[in-house]
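Subject: The structure we talked about

Hi there,

Here is the structure I promised to pass on to you. Please open it next to this email, so that you can look up each residue as you read.

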Amino acid sequence: MTEELDRARALFESNDWAECFSTLAVVDERDGLTGEGLALMGETAYLIGRDDACVDYLSRAYRDFTGAGDYRLAARCAFWIGFVLENRGEVARGGGWAARAQQLVDEHDLGGAEAAMLAAREAHVMMLSGETESAMSQAEVALRLGTEAASPEARVLARSTIVAGFLSLGRASEAVAACDEMMVAVSAGEVEPAVAGLAYCMTIGTCLTLRDLHRAGEWTDALSQWCSDRPDLVPYRGQCVVHRSQLMALRGQWLEAAGEATRALERLPGPLRGEAAYQLGELHRLAGRFTEAEDDYRRANALGRQPEPGLVRLRLAQGRLDTAATTIRRLCAEPHRPADRADLLAACCDVLLRQGDMAGAGAAAEELSAIAAELDAPLLSGLAAQASGSVALAAGRPEEALAVLRKAWRTWQELGLPHHAATVRVLIGQVYEALGDRDAAEMEWESAAIVFDQLGAVPDLTAVRDLAGQAAAGTTPLTAREVEVIRLLASGRSNRAIAGELFLSEKTVARHLSNIYTKLDVSSRAAATAYAYDHGLV
């Protein structure tokens, strides 16, 4: 058994966890593992995604260590059982195991890493209860104990609560600095995988909360590499699954983002499932699947995640302008963290402009600009520039609008956000149209349409085609819809293909073509195509 246990430890150290678990399982079935072998098997089970087995093996190890009088290792097993259970949402059961660990530490005056990790857990519980200042003080105690005990795991756990505290207090730069300190030990490979994964997740979440996409992207790529270097590791199961989905969506990888969000919805505990449901709602809304989006937002709300501003934007896309305006005004009257408020203000500006409330939209854009200046996050700067440009365009100030919208476009390009960039190009096209440069406007709309088509952003694609059609219709006797039909006809599409792209029946397309032929006094598809090219419709 000793030789086989040595082999299992070597497999564990080389990240060959599946083989390690199989080796230990054979030994356990044949001879019955004890103490350290069971603890190793429990840790390995967690890393390969077998949480129930992890709890079972660590429970057996706890009993063995307790019976042998090895209370330090028994306390460690009890702590990790609590860690696993609490991380998957079994708070009461996990808290019971943490209490067992604390009892052993107190009764036997153990101190050391075990005491430090329990102090870090206590700080975490305080933070979840809203006791921010007490939690941060307790985390500092845990940090000191972890340093004295040379426990990088305890230090990382303590710093994760410190990061959360700074975020809660709105101290963004200090939260980022605490993340950087936390990740020093992780990047150096000093921390056990279970805690390292948590630290990656916490750091990525912090960057996204602060809308720091550059840092979030860098740490997400680092996490992906970390996971790929550990092929047996079940892709990290915390909220970073949702974070990956959010980043993929921003980068234009909508199909992959939907897959990640769906997996998160299946795996995560209650509150985190709400974030996954909301993310699915966002993706469905952008793709034009409004029924599915509505269902996702309702599910998110039921799971404790407010479905805004996504639901407001859905109502806007559905044409329910008054409903969207009522909701967004209520939300903007409530307190929110600055970065979250910025998202609401961006939606508010869009809704109020559609409603014709120029004063309200202007005020929302100004407040958004102030938040962006304070937080100094490129994402928020882009949102602020886009909102300000939209207001200037609607107010009849196209030259002013063009300057800030170009700034927004550069920001989206630098961040690599294709949908945001295409949306701004639509607005820039409207500015060019207002300035009388129709050729430039059409090129902007055409470029935006290509991106929307590639992404599968059906509502945006339809809207930009309608916009282009309305502009072109000003020089022809054709309606906007007839301009859309003739543009597609000129591209060589059949009646069936035109019907599919415009979500019409073939009979309706045939009727449009008949009207086009009559208005243009032509008798064939070729003649209609020639007219389209001669009059700049394509």
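Below is a short tour of what turned up, topic by topic. Please keep in mind that this is a predicted model.

**Salt bridges**

Let's begin with charged side chains. The search through the whole structure gave 38 salt bridges. One of them joins the side chains of Arg215 and Asp180, with N and O 3.1 Å apart. Arg215 sits in helix α12 (residues 213-228) and Asp180 in helix α10 (residues 172-187), so this pair ties together parts that are 35 residues apart in sequence. Are these two partners buried or exposed, or something in between? Arg215 is partly exposed, at 27% relative accessibility, and Asp180 is partly exposed too, at 30%. Arg215 also forms a salt bridge with Asp212, where the closest N and O atoms are 3.5 Å apart.

Now find Glu294 and Arg315. They form a salt bridge whose closest N and O atoms are 2.8 Å apart. Glu294 belongs to helix α16 (residues 290-302) and Arg315 to helix α17 (residues 310-317), so the pair ties together parts that are 21 residues apart in sequence. Both partners have an accessibility to look at: Glu294 is buried at 15%, and Arg315 is buried at 8%. Elsewhere, salt bridges with shared partners link Asp52, Arg88, Glu90 and Arg93 into one network.

How many residues does helix α11 (residues 193-209) have, and how far does it reach? It has 17 residues and reaches 24 Å from its first C-alpha to its last, close to the 24 Å expected at 1.5 Å a residue. Of these 17 residues, 15 are buried, so α11 is largely enclosed by the rest of the structure. After α11 comes Arg211, which has a positive phi, near 60°.

Helix α20 (residues 358-375) has 18 residues, and the distance of 26 Å between its end C-alpha atoms agrees with the 26 Å that it should span at 1.5 Å a residue. Which residues of α20 are buried? They are Gly360, Ala361, Gly362, Ala364, Ala365, Leu368, Ile371 and Ala372. The buried residues of α20 pack against α19 (338-355) and α21 (378-394). After α20 comes Asp376, whose phi is also positive, near 55°.

**Nonpolar cores**

In soluble globular proteins, nonpolar side chains tend to be buried together. Here the largest nonpolar core holds 158 residues, and Phe83, Ile328 and Trp412 have the most contacts inside it. Take Ile328 as an example: leaving out neighbours within four places in sequence, it is in contact with Val312, Leu344, Ala347, Cys348 and Val351. Another core lies apart from the largest one and has 20 residues, including Leu478, Val485, Leu502 and Ala532.

**Two single residues**

Val483 lies in helix α26 (residues 480-490) and is buried, at 0% relative accessibility. Val483 is 33 residues from Ile516 in sequence, and their C-alpha atoms are 8.8 Å apart in space.

Ser59 is part of helix α4 (residues 51-67). Ser59 is buried as well, at 10% relative accessibility. Which residues does Ser59 touch, if those up to four places away in sequence are not counted? The answer is Ile81 and Trp97.

**Cysteines**

A disulfide is a covalent bond between the sulfur atoms of two cysteines. The count of disulfides here is zero. The cut-off for a disulfide is 2.5 Å between the sulfur atoms. Cys348 is buried, with a relative accessible area of 6%. As for Cys349, its sulfur is 7.3 Å from the closest cysteine sulfur, in Cys348, which is too far for a bond. Cys349 is buried, with a relative accessible area of 1%.

Enjoy exploring, and do write back with any questions!

Best wishes

How values were computed
Residues are numbered from 1 along each chain as its sequence is written. This is a predicted model: local features need pLDDT of at least 70, side-chain atom pairs count only at pLDDT 80 or more; totals for chains, interfaces and linings use all residues. Side-chain values use heavy atoms; hydrogens and water are left out. A salt bridge is a side-chain nitrogen of Lys or Arg within 4 Å of a carboxyl oxygen of Asp or Glu. Helices (H or I, at least four residues) and strands (E, at least two) are DSSP runs, numbered from the N terminus. Buried means under 20% relative accessible area, exposed over 50%, partly exposed in between (1.4 Å probe, protein chains only). Contact means heavy atoms within 4.5 Å. The expected span of a helix is 1.5 Å times one less than its number of residues. A nonpolar core is a set of buried Ala, Val, Leu, Ile, Met, Phe, Trp, Tyr and Cys residues joined through side-chain atoms within 4.5 Å.
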